[in-house]
Amino acid sequence: MVDSKSVFRRKPVEQIAHEHEGELARTLGLWQLTAIGVGGIIGAGIFALAGAVAHETAGPAVLVSFLIAGVASAAAALSYAEFAGLIPKAGSAYTYGYAVLGEIVGWFIGWDLLLEYTAIVAVVGIGISGYFGFLVQNLGISLPPWMLGAPGTGEGHVVDLFAALLCLLIAFLLNLGIRAAARFETFVVGIKVAVVLLVIVVGFFHINTANYTPFFPFGIGGAITGAATVFFAVFGYDAMSTAAEESRDAQRHMPKAIIYSLIIAMVLYVLATLVLTGMQNYREIDPESGFSSAFASVGLSGLASLIAVGAIVGILTVMFTFMLGVTRVWFSMSRDGLLPSWFAKLHPVRRVPTRVTWIVGAASAVIAGFLPIREAAELTNIGILLAFVVVCAAVIVLRYRQPDLPRTFRTPGMPVVPAVGVLFSIWLITFLDPLTWLRFAVWFVIGLIIYFTYSRRHSALN
């Protein structure tokens, strides 16, 4: 018979905050953390999703869609910020759930994020491969179909070698050590933001205000439905928070980095959508390459290749952030005894979990190489939303259970703000495809078996 006390045992917050010091190398400053967050948030959403939602769902009110999604995401971000300042350890939602709601809750959030984050890395790799194919075609370069997966050929799925190699490249960069990897990420994020700003500035001079009328062609409901779609373009700070243990001053820097990264991303998203729907009537926007079609419509088609380069660079940083996230969650679960400690082995010099990084790199490469993007994408979303539910609920529980803990950041509007995060995340979960639920259920059952046959007995708290 299972002892309910054993599965809901909790690691005291005070203990977590001071254990395992010196294991991971603390080298990240505030702006490196912020760059990792911005790198995770700004990706395909600004280059592809905005155009699709404007064309099919919201019209010019896609701007409102992003604002609604941003407010809802901010509710979760503020909850993450409070925990990041309170528990500056690797693991993010897994660690927070373990500390407040018990071991089995932490286990399932961690177990689920292993699949979700790995799948996101693969999906993004496939997406970059598509942009790369578009770019080389524009330049008149012919590559064999097997290098880019030949999507849409209808004769099965050819191996997407380019996407698979990208996954392995990110694993290699992360294994160089967090300092070198973060420098690369900061540099690439700078390029991405510069390209987005260029698009906004150039596009601003070609806005025709008549394109904003009607502003709500699909009604208010269209803007709200669009928010459910673009919500997946405004998270990424959750994966960044897994790097708390590698920050030089996590208790001060992590909350600021989470908030700064979301603010920067939202400002760029709002300005970009304003330019996009102002340059071209929403009916004429290409749902797959919105900005390229918008610039072509005003005689600036030469910028299309530059935007494609920006998309490739921009999405590459998303791969970095989420692979960083999954490896740190896996490392934390192994260090806590819930998975074999072999996975928690660190490189003796670079102080990074090399074993799990290469395993995640290989797993994401296999998914990216052999699954079409739609099937790979269906492995994502639900786990991240469940993590949001757990973190937002946990911050309320801990505030009332231990109100006097030394918090460097306190979520405002308690308990309303985190409750909004819980409700909005649950609402978005109802939009997910039934097949997503089925795959989640299978993964959940596998996790259940592993927990009760291995993890519960080997837990460091046992």
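Helices (H or I, at least four residues) and strands (E, at least two) are DSSP runs, numbered from the N terminus. In this predicted model, local features need pLDDT of at least 70 and side-chain atom pairs count only at pLDDT 80 or more, while totals for chains, interfaces and linings use all residues. Residues are numbered from 1 along each chain as its sequence is written, and side-chain values use heavy atoms, with hydrogens and water left out.

**The chain as a whole**

- The chain holds 20 helices and zero strands, and its C-alpha trace spans about 65 × 50 × 40 Å along the principal axes.
- The radius of gyration, taken over C-alpha atoms, is compared with a globule rule of 2.2 Å times the number of residues to the power 0.38; for 462 residues a compact globule would have a value near 23 Å, and the chain, at 22 Å, agrees with this.
- Of the 462 residues, 59% count as buried, where buried means under 20% relative accessible area, exposed means over 50%, and partly exposed lies in between (1.4 Å probe, protein chains only).

**The nonpolar surface patch**

- Val159, Leu161, Leu165, Leu168, Leu169, Phe172, Leu176, Trp358, Val366 and Phe370 make a nonpolar surface patch of about 850 Å², an accessible area that comes from the Shrake-Rupley method with a 1.4 Å probe, with only the protein chains shown counting as cover for residues.
- Patches are made of residues with over 30% relative accessible area and no salt bridge, and like charges are joined within 9 Å, nonpolar side chains (Val, Leu, Ile, Met, Phe, Trp, Tyr) within 5 Å; a salt bridge is a side-chain nitrogen of Lys or Arg within 4 Å of a carboxyl oxygen of Asp or Glu.
- Helices α9 (161-175) and α16 (354-370) each supply at least two residues of the patch, and the largest share, five residues, comes from α9.

**Helix α6 and Thr95**

- Helix α6 is mostly covered, since eight of its nine residues are buried, and just after this helix Gly102 takes a positive phi of about 115 degrees.
- Thr95 lies in α6 (residues 93-101) and is buried, with a relative accessible area of 7%.
- Leaving aside neighbours within four places in sequence, Thr95 is in contact (heavy atoms within 4.5 Å) with Ile16, Ile87 and Ala90.

**Ser334 in helix α15**

- Ser334 lies in helix α15 (residues 303-335) and is buried, with a relative accessible area of 1%.
- The side chain of Ser334 reaches the backbone oxygen of Trp330 at 3.0 Å.

How values were computed. Polar contact = N/O pair within 3.5 Å; in protein donor to acceptor, adjacent residues only side chain to side chain.
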